[in-house]
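Open the model in your viewer and switch to a cartoon view. This tour goes from selection to selection.

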Amino acid sequence: MNKRVPGSFPDSGTGVLRPILVAGYGRSGTSAVMKVLATDPRVVFDREYPYEIRYLAYYAKLSSILKNRPPDARFTSDHLYVHEESVFGPWPWRGHNGGRNVDWLRIFWDLFSRSAKTADPRAEFYAEKAPVWLTPMVRPVLPCFVIHLFRDPRDVYLSSNAFMKQRKYCGFHRKHDDTDLSHARSLGLELVNYFENFVGDGGLDRESFFLRYEDLVLHPEEFLAWLKDIGLTPDLGAAFEPIEGHQTSSTLATSVRRWQMEYISQEVSSFFERHLGREMMRLGYSVDTVEL
């Protein structure tokens, strides 16, 4: 799916850090990709597992609050009167929005980039695990790269359940009273949302990369070549050093197509194939039956 054009990633000429958005969901390989990016000192982000300190998402959401949101009763002008009060929200004066025509995100990102480059002159890029809403918001404002990351949803299901059992907590949109099928629904919705962003990304040939977890583990050469094309020098060996408590398979190889080796209920497997069959086939995953 990727059509790389060597040398086709021009410098934005703006001096801002170029964001690299890892557009993937839980247990799809986002931490592994962040570890690959962390091997190049020119990429800025907090190298603290699970790599979820999201500066860009913070500034993007703040920009949205300042620019587009209607007044909210939870934030009033009274909150501006007390300095110690940390409640914040859209402009509290109905009928007024002085920030509508201000490019807040660009202003915030210019300041963040300047600070990062002062701290480390080598800084050129910034990496972040991107929530599904972030890429469509950032694309029109900042020149950025996007890694569209996917994993077979059956493996995501098995990996997420194994991780929750290992950590003794609920996560990945699963609640204590959820059934396996309702958990599968939540995971399926997340995949569909990221898939729609992937399909709608008009910059796929130049500034985006389609990456499957399976290819990252078994055939990373094309991904590494793309990273080198955009100016990075990744070290895959260092990136694949294990993170204690993160892996739920004995080896990286056994984390691929685990749904063929481990038990997954027919109900859950059929749900994924029936409701995500088209997306799965587009992403290169085998599907026995798809209801058209």
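This is a predicted model: local features need pLDDT of at least 70, side-chain atom pairs count only at pLDDT 80 or more; totals for chains, interfaces and linings use all residues.

Five strands make up an open sheet, with parallel pairing and the order 2-3-1-4-5. Select strand 2 (43–44) and strand 5 (208–212): these are the edges. Each has a single partner strand, so one side of each is left without a neighbour in the sheet.

Select strand 1 (residues 18–23) and strand 4 (residues 145–150), which run parallel and are joined by four bridges. Show Ile 20; opposite stands Phe 145 in strand 4.

Helix 7 lies across strand 1, strand 4 and strand 5. Against strand 4, helix 7 runs at about 140°. Now show side chains. Which residues are buried in helix 7? Among them are Leu 181, Leu 187, Leu 191, Tyr 194, Phe 195 and Phe 198. The buried set also includes Ser 182, His 183, Glu 190 and Asn 197.

Finish at a helix pair. Select helix 6 (residues 153–167) and helix 12 (residues 266–282). Their axes are 10 Å apart, and the packing angle is about 135°. That angle makes helix 6 oblique to helix 12. Zoom to the contact. From helix 6 come Pro 153, Arg 154 and Tyr 157. They meet Val 268, Ser 269, Phe 272, Glu 273, Leu 276 and Met 280 in helix 12. Colour the contact residues by type: six are nonpolar, one is polar and two are charged.

Key: Residues are numbered from 1 along each chain as its sequence is written. Side-chain values use heavy atoms; hydrogens and water are left out. Axes are lines fitted to C-alpha atoms, for helices over the stretch in contact, and angles run from 0 to 180 degrees between N-to-C directions. Helices (H or I, at least four residues) and strands (E, at least two) are DSSP runs, numbered from the N terminus. Angles under 35 degrees count as roughly parallel, over 145 as roughly antiparallel, 65 to 115 as roughly perpendicular and the rest as oblique. Contact means heavy atoms within 4.5 Å. Ala, Val, Leu, Ile, Met, Phe, Trp, Tyr, Cys and Pro count as nonpolar, Asp, Glu, Lys and Arg as charged, and the others, Gly among them, as polar. Buried means under 20% relative accessible area, exposed over 50%, partly exposed in between (1.4 Å probe, protein chains only). Two strands pair if DSSP finds at least two bridges between them.
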